[in-house]
Amino acid sequence: MTERTASLINIPSLGRVERAGLAVTGLLMVVTYFLGYRDLAIGVAAGGILFTANFVAIRFLVHALVGNSHSKGFGIFAFVIKMAVFIAIVAALFIFAKVNLYGFFIGVTGVVIVIIGESLRGSKDGTL
């Protein structure tokens with residue numbers, strides 16, 4: 001088995017940030033749904049899940065590049081393709097599925113707050 005194939009098999013699993021992000025997204029979605037805002041809840045779910053998937057994709061790309069299994073040119077190409085795919089998904093959500101814009105940004109913000117909180121929790125000496 002080649003080194004490149006072995007590095008693709010060792011795909012990192014969901015980490016603490018991803019699990020917490022999905023939990024916060026689920027909590028926000030349930031709360032907004034039970035408050036009677038069904039469209040807002042769908043937007044929260046779409047934003048939170050998509051941004052968590054973006055974070056996992058970035059972590060996968062960084063893991064592949066740090067492991068020296070791929071060239072830096074491939075990393076830049078993969079990053080640009082990843083961003084184009086995520087922009088296309090977001091555009092399709094807003095154009096075709098009519099996802100609630102405010103709910104989407106609430107979902108994204110929830111995951112961003114989790115990422116910031118986990119990075120602050122992980123620092124031992126109080127600095128970033």
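1. Helix 4 contributes the most to the nonpolar patch, with 5 residues. In this predicted model, local features need pLDDT of at least 70 and side-chain atom pairs count only at pLDDT 80 or more, whereas totals for chains, interfaces and linings use all residues. Residues are numbered from 1 along each chain as its sequence is written, and side-chain values use heavy atoms, with hydrogens and water left out.

2. The nonpolar patch on the surface consists of Ile-58, Val-62, Val-66, Ile-76, Phe-79, Val-80, Met-83 and Ile-87, with about 720 Å² of accessible area together. At least two of its residues come from each of helix 3 and helix 4; Ile-58 belongs to helix 3. Patch residues have over 30% relative accessible area and no salt bridge, with nonpolar side chains (Val, Leu, Ile, Met, Phe, Trp, Tyr) joined within 5 Å and like charges within 9 Å. Accessible areas follow the Shrake-Rupley method with a 1.4 Å probe, and for residues only the protein chains shown count as cover. Helices are DSSP runs (H or I, at least four residues), as are strands (E, at least two), numbered from the N terminus.

3. The largest pocket has a volume of about 150 Å³. Helix 3 (38–66), helix 4 (72–95) and helix 5 (101–122) each give two or more residues to its lining. That lining includes Gly-47, Phe-51, Met-83, Ile-87, Phe-104 and Val-108. By class it holds 9 nonpolar, 2 polar and no charged residues. Here Ala, Val, Leu, Ile, Met, Phe, Trp, Tyr, Cys and Pro count as nonpolar, Asp, Glu, Lys and Arg as charged, and the others, Gly among them, as polar.

4. On a 1 Å grid over the protein atoms alone, a pocket is an open set of points with protein on both sides within 12 Å along at least five of seven lines, a cavity is a set where a 1.4 Å probe fits but cannot get out, and lining residues have an atom within 4 Å of a point. Points are joined across faces, edges and corners, and a volume is the space filled by probe spheres set on them.

5. The count is 1 cavity of 30 Å³ or more. The largest cavity is lined by Val-17, Glu-18, Gly-21, Thr-52, Phe-55, Val-111, Val-114 and Ile-115.

6. There are 2 salt bridges (a side-chain nitrogen of Lys or Arg within 4 Å of a carboxyl oxygen of Asp or Glu). In one, the closest N and O atoms of Glu-118 and Arg-16 are 2.6 Å apart. This pair links helix 5 to helix 2, 102 residues apart.
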